[in-house]
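Please read them with the structure open.

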Amino acid sequence: MSNDAESSFIVAMRVRPLLGKELDNKCKSVIKVVDEKVVCILDPTKVQEKEDYLRRDRSREKQFAFDHAFDTNTSQDSVYRHAGAPIIMAVLGGYNASVFAYGATGAGKTFTMLGDMQNPGLMVRVVAALFDRMRSDSEHKFNVVMSYLEVYNENIKDLLTPTGQYLELREDSTRGVTVAGITEYAVTSVEQTMELLHRGNTNRSVEPTKRNETSSRSHAVLQIVVEQEAKTANTKKQVVVSKLSLIDLAGSERASATENRGQRLLEGANINRSLLALANCINALATDSKPSKLVKGKKPIAKYVPYRDSKLTRLLKDSFGGNTRTAMIANVSPSHVEFEETVNTLKYANRAKNIKTKLRRNVHDVKYHVAEYKKNY
């Protein structure tokens, strides 16, 4: 990959198995995966084998094509190899990268990103692979720093040092969007990183709802900054800096379906607000709207993307429209009861395929004075 390159999203879809309570309620699967790329959503009225006179001549069957489509039998390792491994190569090549899971509540996003002890998810596998690659590289030395935060009710909280205080976003011309006051830990091993990740997860806002017994009530963002430089001594050195963002989004939810009240209802409203802002950004970026044509006597108008509509979209600004290689995994339920949520999720994932990002290697040249050169080497 050259220093500057155009890249599209890696867009994948993953369907979870029917849950025990869904089987007890005789829910039917309406999703079929064909050739590991095409997703067919069957008309739920046909699956239920009952006549819907209002839609007798209107089939709701739909098809979508993605870079990868994972069915209910797909392992966590297979998801990593197709969606996570290319991201590792981008990070070590000096490019920013991000991976995030998108979907309705209870669709399996947290399992995809975090997994469990027997089946670790993308966060764990990507971090482990990153340290394995760095350990096997004898020509460079690395410096790795990580932070872990959540966006809860449109407020940013530090998951590694929970003080109860909300943090503010800042925009830096060099580092991009940053969080003021976030705790950053220098990590040297995968074990140390996993310990911090586990600590952060215990501080995350999780509450039971009717749809999901362990529903994430916040968006979690793990960011790892990798600095690398050659071990060879020289009066001029190059420092390559890349940022890896791993994001577990909270799921969209309908109050009528979850039957949330009080605080849970407020959380759901803020989750939907931030996800709506995210969907609007995806729509704006996916629209082929280059700066408007030059009208005589007027300057061209640049494409407007509403990043400032939410703290989440501001935080993920670089992951969508900036200098980043991004993988999006749309998680869906196969149940006919979740048909509308599934279609909405896949529509937004389908739009995301049209997003193009400009990739650029983050290389900084540092020139040493001879005296400093001797001192450092």
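**Notes on the predicted model**

1. The largest cavity is lined by Asn96, Ala97, Val177, Gln223, Lys243, Ser245, Leu315, Leu316, Asp318, Ser319 and Thr324. This is a predicted model, and the points below should be read as such. By residue class, the lining of the largest cavity comprises four nonpolar, five polar and two charged residues. At least two lining residues come from each of β7 (96-103), β16 (236-248) and α10 (317-321).

2. How many cavities of 30 Å³ or more does a search of the whole structure find? The count is three. The largest cavity holds about 70 Å³ of space.

3. The structure contains two aromatic pairs. One of them is formed by Phe64 and Phe66, with 6.3 Å from centre to centre and 15 degrees between the planes, and is stacked. Both Phe64 and Phe66 are buried. The rings of Tyr102 and Tyr348 also pair: their centres are 6.4 Å apart and their planes stand at 75 degrees, so this pair is edge-to-face. The cut-off behind that label is an angle over 60 degrees between the planes.

4. Why does the pair of Tyr102 and Tyr348 tie together parts that are apart in sequence? Tyr102 belongs to strand β7 and Tyr348 to helix α11 (residues 339-352), so the parts joined by the pair are 246 residues apart in sequence. Tyr102 has a relative accessibility of 8% and therefore counts as buried. Tyr348, with a relative accessible area of 26%, is partly exposed.

5. Phe66 has a further neighbour to note. Lys353 lies over the face of the Phe66 ring, at 5.7 Å from the ring centre. Phe66 itself is buried, and Phe64 is its partner in the stacked pair.

6. Strand β8 (residues 140-152) deserves a look for its pairings. With strand β15 (residues 219-230), β8 runs antiparallel and is joined by 12 bridges. Across this pairing, Tyr148 stands opposite Leu222 in β15, and Val145 stands opposite Val225 in β15. How many of the 12 residues of β15 are buried? Nine are, so β15 is mostly covered under the cut-off of under 20% relative accessible area.

7. β8 also pairs in the antiparallel sense with strand β12 (residues 185-187), over three bridges. Here Met146 stands opposite Tyr185 in β12. A further antiparallel pairing links β8 to strand β9 (residues 155-158) over four bridges. In that case Val151 has Ile156 in β9 as its bridge partner.

8. What do β8 and β9 form, and how many residues lie between them? They form a hairpin with two residues between them. Asn153 is in the turn, that is, in the loop between β8 and β9. The phi of Asn153 is near 50 degrees, a positive value in a residue other than glycine. Is Asn153 buried or exposed? Its relative accessible area is 16%, so Asn153 is buried.

9. Glu36 is another residue with a positive phi, of about 60 degrees, although it is not a glycine. Glu36 is placed in the loop between β3 (31-34) and β4 (38-41). The relative accessibility of Glu36 is 57%, so Glu36 counts as exposed.

10. Where is Ser335 found? Ser335 sits in the loop between β17 (324-332) and α11. At 1% relative accessibility, Ser335 counts as buried.

Definitions and conventions: Residues are numbered from 1 along each chain as its sequence is written. This is a predicted model: local features need pLDDT of at least 70, side-chain atom pairs count only at pLDDT 80 or more; totals for chains, interfaces and linings use all residues. Side-chain values use heavy atoms; hydrogens and water are left out. On a 1 Å grid over the protein atoms alone, a cavity is a set of points where a 1.4 Å probe fits but cannot get out, and a pocket is an open set with protein on both sides within 12 Å along at least five of seven lines; lining residues have an atom within 4 Å of a point. Grid points are joined across faces, edges and corners, and a volume is the space filled by probe spheres set on the points. Ala, Val, Leu, Ile, Met, Phe, Trp, Tyr, Cys and Pro count as nonpolar, Asp, Glu, Lys and Arg as charged, and the others, Gly among them, as polar. Rings of Phe, Tyr and Trp (its six-membered ring) pair if their centres lie within 6.5 Å; planes under 30 degrees apart count as stacked, over 60 as edge-to-face and the rest as tilted. Buried means under 20% relative accessible area, exposed over 50%, partly exposed in between (1.4 Å probe, protein chains only). A charge sits over a ring if NZ of Lys or CZ of Arg is within 6 Å of the ring centre and within 35 degrees of the ring normal. Two strands pair if DSSP finds at least two bridges between them.
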